[in-house]
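Please open the model in your viewer and keep the selection tool at hand. The stops below go from one selection to the next.

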Amino acid sequence: MSLEPLALPSADWSDWLSGYVQDRLHTATDILERLKAGPGGDSIAVLDAWNDADIALRGASSVAGLFAEVHPDAEVRTLADELTQRIDRARTDRDLDRALYDIVAATETGGLDEQALRMRAHVLRDFRRTGVDRDEATRDRLREISERLVVLDQDFGRAIREDVRELRLTPEQLDGLPADFIAAHPVDADGTVTVNTDYPDYLPFRTYARDGEARRALTVEFETRGWPANDAVLHEMLELRAEKARLLGFESWPDYDADVKMIGSGTAIAEFIDRIAAAADAAGRRDLEILLARRRVDDPAATGIDRSEVGYYTEVVRGEQFDVDAREVRRYFDFSRVRAGLLEVTGRLFGLEYRPVEVACWHDDVTAYDVYSGDERCGRIYLDLHPRDGKYKHAAQFDLVGGITDRLLPEGVLVCNFPRGLMEHRDVVTLFHEFGHLLHHVLGGRQRWARFSGVATEWDFVEAPSQMLEEWAWDATILGTFARDETGAAIPAELVERMRDARLFGQGIGVRTQVAYSAVSYLLHRDRPADQTAAVQAAMDRYGLIGALPGTHFQTSFGHLAGYSSAYYTYMWSLVIAKDLFSAFDSDDLFDPVVAQRYRDHILAPGGSRDAADLVTGFLGRPFTFDAFTAWLDQLPARARS
């Protein structure tokens, strides 16, 4: 059965968006009202009706949520935010409707297949986690909290998205930056050069600029975005989440949030953070000693490394001790070639073909592709990969349409902020990572139940498939298929090997930094400190090895506090699993079709139709362990081994 993708408008976006969302809200309302007015009883009919309403609500939410973050017209973004609030009210009303709960709870389990039983159990669980079984006054308060949290999440993200800060520097302060960066930043009439806090400026500047004061100044600006606006927003957000958790019978928000994740409880999050911090301690301190020793060559009085220095000196050490100069490596990663290479590599790996399509999009930068598996179109993807004013500032995959078997084609959008010319290799890794989410959405999008479509596993598993796909961006054979310099010469295999060796230097600090972010995410929610900045600095000092810069307010631009709340630990938890998943592949032949197909079938295609632990066991033939992660963390660079 051939399914048609969603047709986006070429103009009149506000009218289209409003009509699209309102139509689905009306559909959901009508279905649920008929369900309440009907006789009930027929279990599969009740679940099907619920699913139909859920498809409508999810469709409205996906479209509004996407265009609130990416549409170039500020009025459309504002409208999308307003529509998102309406959608959330409709979802909350549904989930707090005791009559609907009673209808679903009254369904019989006999005769339901495994997936229908899972669907029923998840719907009832979602009802209870919303508070449908509480008294009326409590339900009213939970409704108020839910509606307010949506607004706060939007305010938090908007403050980050719109707070682009600039520094005006002398041309000499760009010393060390690649030639194409300098060419893209011409001297203004007043003799200065402007750099800003968007990724294409910030990341190269903190990595290559030799002027320590300028690096520090831009880092301070970057880590103060959202301040002071987001200070009050975050305080209220944390308090309301804590209140919601208490009303639902949980001791804290982390306990409530973790209850439906692989990790299981807030206490387990704390234990996991401490475990990973201990595992990475020796590697992290070894890295730190090397960085400090190199900094003392420039400044003999130096006593530490701060966040404006870690990226710069890591790059210096990799250049001097591993003969890897990222400015030279960039020559092989022209954006257009990388994008084409990504599609070629993942297409070959998973038996897919990406066919470019000329369709209406929201911006000229956006490219669209239909995804084919054999002769069957199995999805559509959109790539929105360059920065612009008002656009989401990080990198993420957004749903456009959730796939439903024989009804809806899965469609997803990759939203990133890469330069238009030469890319850093870390950008290439990020692109592979985020594309992993997109593949998961498309390949997992053939489900009967919307609740299980696409990236619908427990949230602390969702990063694992993406983190595993990063490995393909570090393989010499893979990179050799698309990484070419201006003459057309492929990246030398020996250079990739040096890059892989240099990668091992700094990974201890990298893991400890991720642990610090995890601790910030968890502790802010557990403790709800009056002075968040002091609490963040304490967590960074304790867990991260590289402390926060004085005068910064990292938490006000830590966008994951909105979407991931207390669960930033997810990245490390998923990485443990990702390393184990990768151990099933032959590192000498990453295109092995047998393993790749088995991975597609057991990890990606099921979506959320099975628990993540069962997906992993089905692929590996055993439960996941920490062994592969620990072995990876304990590796020493060849220079250190010699």
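A residue counts as buried when its relative accessible area is under 20%, as exposed when that area is over 50%, and as partly exposed in between. With that in mind, and remembering that this is a predicted model, select E424 and R330, both of which are buried; they form a salt bridge whose closest N and O atoms are 3.0 Å apart. Because E424 lies in the loop between β7 (411-415) and α17, and R330 in the loop between α15 (326-329) and α16, the pair ties together parts that are 94 residues apart in sequence.

Next, select D153 and R241, which are joined by a salt bridge with 3.6 Å between the closest N and O atoms. Here D153 belongs to helix α6 (residues 136-162) and R241 to helix α10 (residues 229-247), so parts 88 residues apart in sequence are tied together. R241 counts as buried at 4% relative accessibility, whereas D153 is partly exposed at 28%.

Then move to R339 in helix α16 (residues 335-350), which is buried yet has no salt bridge, the nearest side chain of opposite charge, D365, being 8.2 Å away. Leaving aside neighbours within four places in sequence, R339 is in contact with T367, Y369, L383 and L385.

Finally, select E471, R500, R503, L504 and Q635, which lie nearest the centre of the second largest pocket among its 22 lining residues. This pocket holds about 580 Å³ of space, and α20 gives the largest share of its lining, 5 residues.

Conventions:
Residues numbered from 1 in each chain as written. Predicted model: local features only at pLDDT ≥ 70, side-chain atom pairs only at ≥ 80, totals over all residues. Heavy atoms only, no water. 1 Å grid on protein atoms, 1.4 Å probe; cavity = no way out; pocket = protein on both sides within 12 Å on 5 of 7 lines; lining within 4 Å. Points joined across faces, edges and corners; volume = space filled by probe spheres on them. Helix = DSSP H or I, 4+ residues; strand = E, 2+ residues; numbered from the N terminus. Buried < 20%, exposed > 50% of the residue type's maximum accessible area, 1.4 Å probe, protein only. Lys, Arg positive; Asp, Glu negative; His and termini not counted. Salt bridge = Lys/Arg side-chain N within 4 Å of Asp/Glu carboxyl O. Contact = heavy atoms within 4.5 Å.
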